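Reader: I've got a new model open on my screen. Could you walk me through how to read it?

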Amino acid sequence: MEAVGEGTILPPGVELNGSAMIAPGLSCGVCAACLRGDDMLCRDYKVMGHACDGTAATQVMVPAANLLPIPGNWDFEQAAAFPLVFLTAWEMLVHKANLKPGETVLIWGGSSGVGSAAIQLVKFLGGHAIAVVGNQMKAVKCWELGAEHVIVRDIQDVAIKVKELTQKRGVDLVFEHTGAASWATSVASVARGGRIVTCGATTGREITLDLRSLFARQLTFLGSYMGRREHLWTLLGHIQRNPTNPPFRPVIDRVFNLADYPEAQRHLEAGQGFGKVVCRV
Ligand SMILES: [Zn+2]
């Protein structure tokens, strides 16, 4: 960190001329949602790099409240890859879906940034993760992260596989972010009284739904977007308890130089990687 505004109070563990991790959600700070800590419900909420400029730059300016110390001996790439996906997955699993120990979770896109975070968090929270991925190589990596079962997709077969793995019951929770292509299978894979939590629609945003499956099977659909900035400090606390062997860590697929940003974008779009793509400044 090169400079701070006059009179700025920095968060604990963050110092001028030191390094820091950035919480990517920006909010107004003065509305009712912000004041009660639900900054991601602020009407002015923006994710850096989405509805405003991001961090693909040699210098960026952020509010002091968006800074956190980098845990343990993590490098800049890990610090960059951590906040967005872990905050998203934590909010979905803990605060939206209220995951309980022993519950089974179907995680779409186990090789994605948010999927690889979810696998680790489900294990950390005492749940059982069933991950869905596109090929065998990705399946091995999901096992290494703590998934108990991995389904190499063929989307239609996923529900059948899930029923086999859960003695026909279905999963307690589906971790959705893939949208149109997987939604019907998610509904078919969830147990009666189960829930589906979603934070994305990468394969399309229009779905069809037989309402009978919602009410007769007593399902709950939960929408989620990022999470309280406060909870990044919660996650940091879990890491700092054992920084050399943390219970979860960001999975980095490839690191590009900032000058090769277009190439990094093309790599991301090709969808062949496992984990986050980072640009080094
Ligand atoms: Zn606000």
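Reader: Let's start with Glu91: is it buried or exposed?

Author: Buried means under 20% relative accessible area, exposed over 50%, and partly exposed in between, using a 1.4 Å probe and protein chains only. Glu91 has a relative accessible area of 5%, so it is buried. Keep in mind that this is a predicted model: local features need pLDDT of at least 70, side-chain atom pairs count only at pLDDT 80 or more, and totals for chains, interfaces and linings use all residues. Residues are numbered from 1 along each chain as its sequence is written, and side-chain values use heavy atoms, with hydrogens and water left out.

Reader: Which side chain does Glu91 meet in a salt bridge?

Author: A salt bridge here is a side-chain nitrogen of Lys or Arg within 4 Å of a carboxyl oxygen of Asp or Glu. Glu91 pairs with Lys96 at 2.7 Å, N to O. Lys96 is partly exposed, at 26% relative accessible area.

Reader: How many salt bridges turn up in the whole structure?

Author: Eleven. One of them joins Asp39 and Arg229, whose closest N and O atoms are 4.0 Å apart. These two sit 190 residues apart in the chain, each in a loop, and both are buried. There's also a network of salt bridges linking Arg36, Asp38, Arg228 and Glu230.

Reader: Now the metal. Which residues are the protein donors of the zinc ion?

Author: Donors are N, O and S atoms within 2.8 Å of the metal (3.2 Å for Na, K and Ca); water is not among the atoms, so sites may look incomplete. Here the SG atoms of Cys28, Cys31, Cys34 and Cys42 lie 2.2 to 2.4 Å from the zinc ion. Along the chain, their spacing reads C-x2-C-x2-C-x7-C.

Reader: Why is the arrangement around the zinc ion tetrahedral?

Author: Four donors count as tetrahedral if all angles lie between 85 and 135 degrees. Around the zinc ion the four donor atoms subtend 105 to 116 degrees, so the arrangement qualifies.

Reader: And the largest nonpolar core: which residues touch the most other members?

Author: In soluble globular proteins, nonpolar side chains tend to be buried together. A nonpolar core is a set of buried Ala, Val, Leu, Ile, Met, Phe, Trp, Tyr and Cys residues joined through side-chain atoms within 4.5 Å. The largest one has 48 residues, and Phe82, Leu93 and Phe175 touch the most other members. Domain 1 (1–69) and domain 2 (86–223) both give residues to this core, so it lies between them; those bounds come from an automatic or database domain assignment.

How values were computed
Four donors count as tetrahedral if all angles lie between 85 and 135 degrees; four count as square planar and six as octahedral if opposite donors are over 155 degrees apart and all others between 65 and 115; anything else is irregular. Helices (H or I, at least four residues) and strands (E, at least two) are DSSP runs, numbered from the N terminus.
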